[in-house]
Amino acid sequence: MSADSIELRLQLTRTNFALDVALRLPARGVSAIFGASGSGKTTLLRAVAGLERCARGRLDVGGEVWQDSAAGIFVPSHKRSLGYVFQDAALFPHLSVRENLAFGRRRTGDATPPDAAAVVALLDIGPLLDRRPDSLSGGEQQRVAIARALLAKPRLLLMDEPLAALDEQRKAEFLPWLETLHDELDIPVLYVSHALPEVARLADHLVLLEQGRVRAEGALAELLPRLDLPLSHGEEAFVVIAATVGAYDADYALARLDFAGQSLWAPSAPRIPGAAVRVRIQARDVSLALAPHDDSSILNTLPATITALEEQPPGRVLAGLDIGGTALLARVTKRSSAFLGLTRGKTLQAQIKSVALLD
Amino acid sequence: MPLSDADLAAIWLTLKLATLTTALLLVAGTPLAWWLARTAARWKGTVSAVVALPLVLPPTVLGFYLLVAMGPAGPLGKLTQAAGLGTLPFTFAGLVLASCLYSLPFVVQPLQNAFTAIPERLLEAAATLRASPLDTFFHVVVPLARPGFLTAAVLGFAHTVGEFGVVLMIGGNIPEKTRVVSVQIYDHVEALEYSQAHWLAGGMLVFSFVVLLALYTLNPAMRRQT
């Protein structure tokens with residue numbers, strides 16, 4: 001229907017599980033599909049790819065109808081211009097890396113197939129081209145799988161927990177590739193994950209799935225601070241703020257990060273002013289004070305208004321804060337909450353102990 | 001020359017029969033094995049059992065029913081007669097058809113095992129890379145199932161060479177038409193021509209051993225199993 005969005009309405013019923021999802025996703029950037037295992041994330045992704053033949057509904061990707069059960073339309077997977085990156089890479093074991101890459105590229109039906117050299121360089125897999133998939137590490141396999149998917153010239157890239165099969169160290173090595181991809185790609189990406197830190201680094205848009213249904217969806221920065229969603233309930237609850245580097249103080253190795261009329265200082269490697277960065281602030285790193293202190297080691301203190309409060313037993317209170325239009329979370333003890341007299345609408349000082357730069 | 005012209009004719013006929021049977025079975029057995037490997041249909045069990053029947057049935061039973069079916073009053077016989085082909089018993093064509101049924105499990109089962117071992121995920125990956133199901137079959141499934149095809153071809157061929165009971169039931173013993181090596185050996189023994197029987201029987205023994213040895217040493221999949 002519309003050339004700049006992905007519209008889907010999909011239903012699928014199995015014993016003990018039902019998926020019923022209606023979404024309109026932006027046609028640019030990374031949309032993370034987030035939820036606990038068993039929430040239907042992978043099933044949704046597979047239905048979008050046409051791999052779940054019993055899914056019913058309608059799917060429109062940038063004006064191309066891939067499925068419309070009411071009209072009897074079901075475009076088979078091999079006729080949908082998509083790229084799919086499986087959890088376990090799913091490289092063809094009988095083909096070399098080069099032949100794996102050529103598999104989809106040869107079948108685009110395009111007079112000018114995509115430039116393999118650019119994609120190979122982007123994912124730095126040049127040295128692997130003549131190797132066999134079983135001689136690659138998990139991270140290398142995933143990079144090849146992503147390159148293979150991109151070379152099929154997709155209009156939509158689907159990624160099913162591409163980091164799930166990697167250990168922590170490989171994950172850390174691999175995330176920067178995904179971030180580069182996020183900056184370089186001009187096609188939309190649906191990214192399935194159950195790891196919030198990963199989502200925080202990669203996603204622009206967030207779809208929260210619960211038992212096969214959409215619990216909430218919207219911009220990542222808007223969903224994270226919502227107290228009514230489980231995202232803010234975990235020990236690691238955080239918000240993400242999009243900021244630009246305002247200045248860099250080489251003497252103290254601190255970057256000034258500007259957003260919506262506010263600034264924060266954060267320890268950082270040298271940064272070029274003007275660069276866009278993502279800032280993550282954890283709820284447990286924000287404390288509250290009634291008056292500003294200038295005798296503290298805390299670098300960042302911002303005036304804030306309490307927008308919401310939620311008790312988190314045992315003995316803790318999560319506060320939603322507004323700092324000049326940007327949302328923040330603070331977790332304090334119930335006793336501090338009572339002592340400070342925290343109520344909705346109260347204005348106070350948010351002391352931010354730690355600010356993490358995500359990219 | 002220890003082998004008579006009749007012996008040589010029997011060997012030639014046997015090789016012709018086994019080659020043709022194996023080729024036909026690979027063509028017909030592949031889709032059947034693929035279906036058995038991938039389907040969740042309720043009557044999969046029934047089809048599997050029918051395919052496996054020749055493994056346990058006495059060849060004379062199989063041969064008897066085929067003789068009746070292919071005879072002038074049998075359903076197959078009526079069909080071939082209506083098509084102007086006459087009846088199949090005691091012809092080479094009839095022998096090929098019977099051999100195909102007799103050796104069916106030896107071709108279908110290795111193929112089915114090879115197909116089952118291919119992860120569904122690879123087929124899905126091929127589909128997301130624009131490969132149609134047929135394209136996927138020839139460029140992903142066949143190369144990955146190559147050891148299975150090799151095993152199927154060798155077992156199908158060797159089993160057809162070793163066929164005796166079915167041949168006797170529906171082929172009889174017509175030189176250069178249905179008299180294969182196993183029947184020729186039987187004739188020699190009946191006639192107390194033990195030395196001729198030794199040459200042919202020994203040849204079969206060596207042939208069967210060499211074929212199986214090649215299968216077990218050259219085929220990586222079989223080597224892993226043993």
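Start by selecting Leu288(A) and Ala350(A): Leu288(A) stands opposite Ala350(A), which sits in S20(A). Keep in mind as you click around that this is a predicted model.

Now widen the selection around that pair. Pick strand S16, residues 286–289 of chain A, together with S20(A); the two run antiparallel and are joined by four bridges.

While S20 is still highlighted, colour residues 347–352 of chain A by accessibility. Five of the six residues are buried, meaning under 20% relative accessible area, so the strand is largely enclosed by the rest of the structure.

Time to jump to another part of chain A. Show the open sheet of five strands, ordered S2-S1-S4-S5-S6, with antiparallel pairing. Its edges are S2 (17–26) and S6 (73–74) of chain A, each of which pairs on one side only.

Inside this sheet, select S1 (residues 5–14) and S4 (residues 56–61) of chain A, an antiparallel pair with six bridges. Zoom in on Arg9(A) here: standing opposite is Arg58(A), in S4(A).

Last stop: helix H1, residues 41–49 of chain A. H1 lies across S1, S2, S4 and S5 (64–68) of chain A. Line up your view with S1(A) and you'll find H1 running at about 115° to that strand.

Terms used: Residues numbered from 1 in each chain as written. Chains lettered and ligands numbered in written order. Predicted model: local features only at pLDDT ≥ 70, side-chain atom pairs only at ≥ 80, totals over all residues. Heavy atoms only, no water. Pairing = 2+ DSSP bridges. Contact = heavy atoms within 4.5 Å. Axes fitted to C-alpha atoms, helices over the stretch in contact; angles between N-to-C directions. Buried < 20%, exposed > 50% of the residue type's maximum accessible area, 1.4 Å probe, protein only.
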